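Welcome, and thanks for opening the viewer. Let's take a short walk through this model, one selection at a time.

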Amino acid sequence: MSGATFLILLALSGGIFATGFFGLMARRAILFQLISLEMMLAGPALAFLAGGAWHGSQQGQAMFVFIIILAAAEVALGLALYLALRRGADVEDSDTITGLKH
Amino acid sequence: MLSPYLLLLLVPAPPLAVFLILGLDPFFLRRKAVQALALLGGIAPFFAMLPLLGLCLGTECYGVMPIFTLVFGQSEVALALLLDPMSTLVGLTVAAVGALVITYAIDYMSDARIADLRRFFALMNLFLAAMLTMVLAGDTITFFFGWELMGLCSFFLIAYNTSLPQAVAAGRKAFIITRFADAFLLAGLLLLFLEANSVRLDVLIPAGTMMTEERHVVIALLLLAGALGKSAQVPFHTWLPSAMAGPTPVSALLHSATMVAAGAFMLARFSPIVMSEPAVQTIAAIFGAGTAAFGALSAIFQTDVKRLLAYSSISQIGFMVLAIGLGAPEVAIAHFVVHAMFKSLLFLAAGDITHGSDLGTSLQAMRGALRRRPISFLAYVAGAASLAGLPIVTAGWWSKEAILATAWEGGAFGIAIWVLALLTATCTAIYAFRPVFEALQPEPAHISHARRGHPVALDLHYRPRWGSGFITLPLVLLAAGSLLGGIIVGPIIRFLGAEAPHPAHLPELVAAVAPFVGMAGAAAITFVPALAAAVAGARDMRRPTRLDRKFQRWVIEPYVRLVRFLAGNRIGARAEAELELRHVQIVRWLSRGARMDGIYQALFVRPFVNIVRWLNGHRGGTVDPVGTFPVSLALQGTQALVERLAHDRFDRFWMRLANRLVRLWVLVCAIQTGRSRDYALGAALGTAALLVIAWGTTWN
């Protein structure tokens, strides 16, 4: 892998992360926020892959697998919370649920 | 090429899979489907064990199936399943008994509601899978995993009738007491691991026999304590009689092949470690013989057939521990196999006879069994004969005889143990045949035929249960095993690599007479009205005899004083009144399991409850002392310091600052919006700042 490819990949992953973060900030619907979170995880995952390939190490791929597992666990919890909120309080907008601060 | 030992994985897998399916119930199974699945999961391990037995008999009987290996420096964590003569034999027994008990339960539990049925069979299958995993385990982690899983399942199954408070309490008691003893086992296993740097049994046990003296004693004692707790041996026995709150198939499985027998199996598995330490071995023998005698004596005076059988399990497993203490784990395993057959048979037959009786499982509910349930009654007689050890014709005789002969050959100490064991065997015959003779008496008038007894099932309609193969087949098979199993006792001992002991003729003759003496005793206390009244009356503490009074003065009163002393005179008024009674008798004492419950209540439960109450503000305690202590300390500190310095200029300046801090606090609180987007932004900004700092500090 050439250095240029590596840099492009890193920039791409940073872009994906930034897009996800923008989505998280801009969206208020919980479901879209979850999707944005997944994107935020995908960015670093790509960075790990690129870094692993650049250094010729398998640890990058191992981290990728870990991130996938983390993402799966996170989305399972997030969707469960989302469903519970939908059913229990009929909430779509994440800004309306602020009760946990009390 | 595939290793034939892959089959080992297939033994605990089916019940585990059935547990998952029934537990999660993704397909909304109907009643028939639940029953069919449960039956499949229960029977499959037996058929998976059969080729393994063939492998073991035919070619080499030693194989390891590695599952997962992790190496940490010098230490090695290697999960594996192990096939050797002991695991093959015990695994086959467990699988067979488990299959028969689950077959029986299909019919026995058929009136339960579908949700209860699913829960019951899911847990029964998990129970079976856990025991099989433990038996076939090739390393201590898998072993301990199965061991603990069994404790958990027994908790859930004993507390199956969640609507009955005493069932839940019994489950909790079983769980807490066995957990307490499990801690010893865990400590012992961890010490062994540190010694051997491996969890594999084939490395661990030889390393365990070769270590230094003092560690060796500690480890052997820890293992022994773990086994005593799981096997409900004195002083941990109290949970087993209460565990009768569970349904009968649960008791049958719990007492015969799994759970309580697991302790004896564990001792046999680790017997090289225990046996290379003569002092611990002697302790094991004394505990075993003492428990056997105590259990048998207590069993005589029970009025409930299931409690009687529970004490009988305590006693019989005492025999196994005794055999291990005498240095003959092979004999212990032979007794394990035979005991598994006749004890499950006794429970299943008694459960079938008393099923649906208004009298619950009391001995009176057995009456008229010959007419009502002839097959079950005959099966019960076969089981009782095997338990009592009627010479030659029963399996129990052969295995018990092997234990007695081992004791006889053990020198002066052995002969003392032999005498105790012989007396125990006589008592065994008394309590084994008490329910039989009770069952021969005419039926009391008020047994209800119209209701089948499971409390969960009470609101359901009666269904005649004549001729159900699900009940009859297990009973017949187990009865055949209990009677004819004697043929395999010798081969079992040889299969495990030892020689069956050959007793002298005289002790064998004496031991052969013992069961008949016991039978005569059982007949006497059932049919001679005076004696029967004496036993019943003694239980009610009405008519003290002179012997009773002597016993009262020399044994009971000091004991009662001890209990009261340990309780710190804080027993409840009712228990106090009970203790105050002048004529507490041996019988009552024994029928309560030596009041060990009272001691536990006074020593552990009461202080714990009191502490919790105190911590919650009862009895002059403080609510949440840990939380309130710093606050009250700070308050007192301000009073002591600030009050003295108050009202000068410095103080006012200081307080203004403090008031500003409050305003600042209000400002800072504005950040806390509760909106997740704001927090995400904060987290992102913080991370970005950290990154910038990290970048700045590593810049060169």
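Before counting anything, note that helices here are DSSP runs of at least four residues typed H or I, while strands are runs of E with at least two residues. Keep in mind, too, that this is a predicted model.

How many helices and strands does chain A have? The secondary structure comes to three helices and zero strands, and following the sequence gives the pattern α-α-α.

If you color by burial, buried residues account for 13% of the 102 in chain A. Of the contacts linking residues at least 6 apart in sequence, 53% join residues at least 24 apart.

Now select residues 6-25, 37-56 and 62-85 of chain A, each of which carries the feature "transmembrane region" in an unreviewed UniProt entry. Take two of these stretches in turn:

- Residues 6-25 of chain A are 100% helix and 0% strand, with the end C-alpha atoms 28 Å apart.
- Residues 37-56 of chain A are 95% helix and 0% strand, and here the end C-alpha atoms lie 29 Å apart.

Finally, bring chain B into view. Nine of its residues are in contact with nine residues of chain A. On the chain B side that touches chain A, you will find three nonpolar, four polar and two charged residues.

Conventions: Residues numbered from 1 in each chain as written. Chains lettered and ligands numbered in written order. Predicted model: local features only at pLDDT ≥ 70, side-chain atom pairs only at ≥ 80, totals over all residues. Buried ≥ 20, exposed ≤ 12 C-beta atoms within 10 Å, placed from the backbone. Contact = placed C-beta atoms within 7 Å. Nonpolar A, V, L, I, M, F, W, Y, C, P; charged D, E, K, R; others polar. UniProt positions renumbered as here; feature names shortened; annotations may be inferred.
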